[in-house]
Amino acid sequence: IRSDKDKEIHIRYSITGVGADQPPMEVFSIDPVSGRMYVTRPMDREERASYHLRAHAVDMNGNKVENPIDLYIYVIDMNDNRPEFINQVYNGSVDEGSKPGTYVMTVTANDADDSTTANGMVRYRIVTQTPQSPSQNMFTINSETGDIVTVAAGLDREKVQQYIVIVQATDMEGNLNYGLSNTATAIITVTDVNDNPPEFTTSTYSGEVPENRVEVVVANLTVMDRDQPHSPNWNAIYRIISGDPSGHFTIRTDPVTNEGMVTVVKAVDYEMNRAFMLTVMVSNQAPLASGIQMSFQSTAGVTISVTDVNEAPYFPTNHKLIRLEEGVPTGTVLTTFSAVDPDRFMQQAVRYSKLSDPANWLNINATNGQITTAAVLDRESDYIKNNVYEATFLAADNGIPPASGTGTLQIYLIDINDNAPELLPKEAQICEKPNLNVINITAADADIDPNVGPFVFELPSVPSAVRKNWTITRLNGDYAQLSLRIMYLEAGVYDVPIIVTDSGNPPLYNTSVIKVKVCPCDENGDCTTIGAVAAAGLGTGAIIAILICIIILLTMVLLFVVWMKRREKERHTKQLLIDPEDDVRDNILKYDEEGGGEEDQDYDLSQLQQPETMDHVLNKTPGVRRGDERPIGADPQYPIRPVIPHPGDIGDFINEGLRAADNDPTAPPYDSLLVFDYEGSGSTAGSVSSLNSSSSGDQDYDYLNDWGPRFKKLADMYGGGEED
């Protein structure tokens, strides 16, 4: 940069702008004296393609000499960047059997160099194709756009499912000598089309099914399809073309194996069809590709055999309804309720029995199903619902295993006039004067029309007092009124017989007795209390007698309660005379400890057993005998002791027993339980009533003081001590 005024004055040059005093800083510099501009470091066009600077000229004092000028600096491109693919791997697909020229995919590479020059102009080409089948050049690429298309026919997914194509991009317009290159991978998948029809693996199939079974798989049909598994081009659909006009079978596809499962959806009958010959066809969910025809192997035959099983007999008419009059005699044949065994090709017998006969009115012949009456059928029974009696019967064959069926017989009973009418109410009351009230009577009949009303009401001629005292008036077909004929009738209870007759053919009548209570009434027509009692048939004497009996009964109860209280008081008083601690009745007395220690365990237990011989007992000296031995001979007779025992008697008795135990060589161990006397058949002791307390005071009990401390309490009570 130079100013034409530099000859006159000294000028200083400077530059400003991006690349000088603005980032990127100091890319350019200028000699302030000579005005020469320099680039300070290598330039990168891809980083910045141009710079805009301004140059300035000032004198030594900094005054502007020239106006600033614009400087435009352009970076010239060099081929220093290779083409770069957007993706290293491209995925595309094409249908098998596609025609040449079918578009597959597009690959794209970018070059950072100037696209207006050869440095940035990219061209494409296919380097390799794997596999090279059926041709090594199955695809081509547009060198400028990168579009890949088919170039040859013969794409078959069943042979080659995928191609791997290496694509190269080169700049310098594809000049391999000067241009820079890069590569990418294109994966081309051959997609399936339905160009292979499904084919059965065999032309015939067979199966077997028992009759009367449903949802049973009879046969599995296997097919082969070379198309993509588990796709619509592979999934099979089965159809029955012929052989099943009634729709007994259907074919379902197994989603895993693609097999056809022939399934029974409607039960088959061996007696109707012993076998089925089906013709089936298989196809895919997706239609076949254009130009592909169905194979003759897409049709097959299926033979299904039906096996016979024992079927239950059935009643052709179920429920069967018959009509007859009630009251037919026992043994009457009503109908034949027979069953049919569907097993025509089995020689089987059917037997009949009752399953439900609530009233037990019917019998059935076990061999032919003839129904007879076992009792009289009554329409008015509780077992009849809406005039119909219902019974259930069982028919069973003798097959293996046996089978049975049930049938219901309904008997509609026609009513006959077999029930005489009844009158209501059974009891009533009326005033003794005829003009005050009447008794309303209703007739009821268990039969139904026309064997019911209108009813005829009349009074019998015998006894004559009935028609003399009473009169009956019919109100309508079911109701009548009973009233007094005479002006006054003595109070009391009267049995009034009334004859009522229905309208059946022949008519039935019944004599019903109504208990009528005749009583005096008040002005309102109601029985008075005295009148009601009198009407009940109780006179004054009877009422008094009843009251006296009640008073006597209450008196006896009161006396019994007083006697029980006195007895309880006396018993309580007697208990106070005895100290509860000294009352030895019904108590257990502990005389000593049982055991003697471990050293006392070694002894012969045989001594505790009853000895086999009694010589040692019989030979003992009289008077020295164990008290715990049962006497062998006759019970000894002891002298009767006096009522007042001697003070020494009890002590002698105890000492004698102790001496007998100590001197007996056959005695058990010392700590055994000793029985001091055997009760035997009687007691030699006197009556214990001698121990009763006496209030006379003439008996001396002072000797109890000499008996030791155990009798001290008894001595204090009866020994004449000081009274409290």
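A disulfide is taken here as a pair of cysteine sulfur atoms within 2.5 Å. The structure, a predicted model, holds 1 disulfide. This link joins C431 and C521, with the sulfur atoms 1.8 Å apart, and with -105° about the S-S bond it is left-handed. C431 lies in strand β32 (residues 427-431) and C521 in the loop between β38 (509-519) and α2 (529-535), so the pair ties together parts that are 90 residues apart in sequence. Helices (H or I, at least four residues) and strands (E, at least two) are DSSP runs, numbered from the N terminus. C431 is buried, at 1% relative accessible area, whereas C549 is exposed, at 53%. Buried denotes under 20% relative accessible area, exposed over 50%, and partly exposed the range in between (1.4 Å probe, protein chains only).

Residues are numbered from 1 along each chain as its sequence is written. Local features need pLDDT of at least 70 and side-chain atom pairs count only at pLDDT 80 or more, while totals for chains, interfaces and linings use all residues; side-chain values use heavy atoms, with hydrogens and water left out.

The structure holds 12 salt bridges, each defined by a side-chain nitrogen of Lys or Arg within 4 Å of a carboxyl oxygen of Asp or Glu. One of them pairs R54 with D70, the closest N and O atoms being 3.2 Å apart. R54 belongs to strand β4 (residues 50-58) and D70 to strand β5 (residues 64-74), so the two tie together parts that are 16 residues apart in sequence. R54 is partly exposed at 39% relative accessibility, and D70 is partly exposed at 41%. K426 and E422 also form a salt bridge (3.3 Å, N to O); K426 is partly exposed at 40% and E422 is partly exposed at 37%.

In the salt bridge between E380 and R379 (3.0 Å, N to O), E380 is buried at 19% relative accessibility and R379 is buried at 8%. D447 is found in the loop between β33 (439-444) and β34 (456-458).

V561 lies in helix α3 (residues 540-576) and is partly exposed, at 38% relative accessible area.
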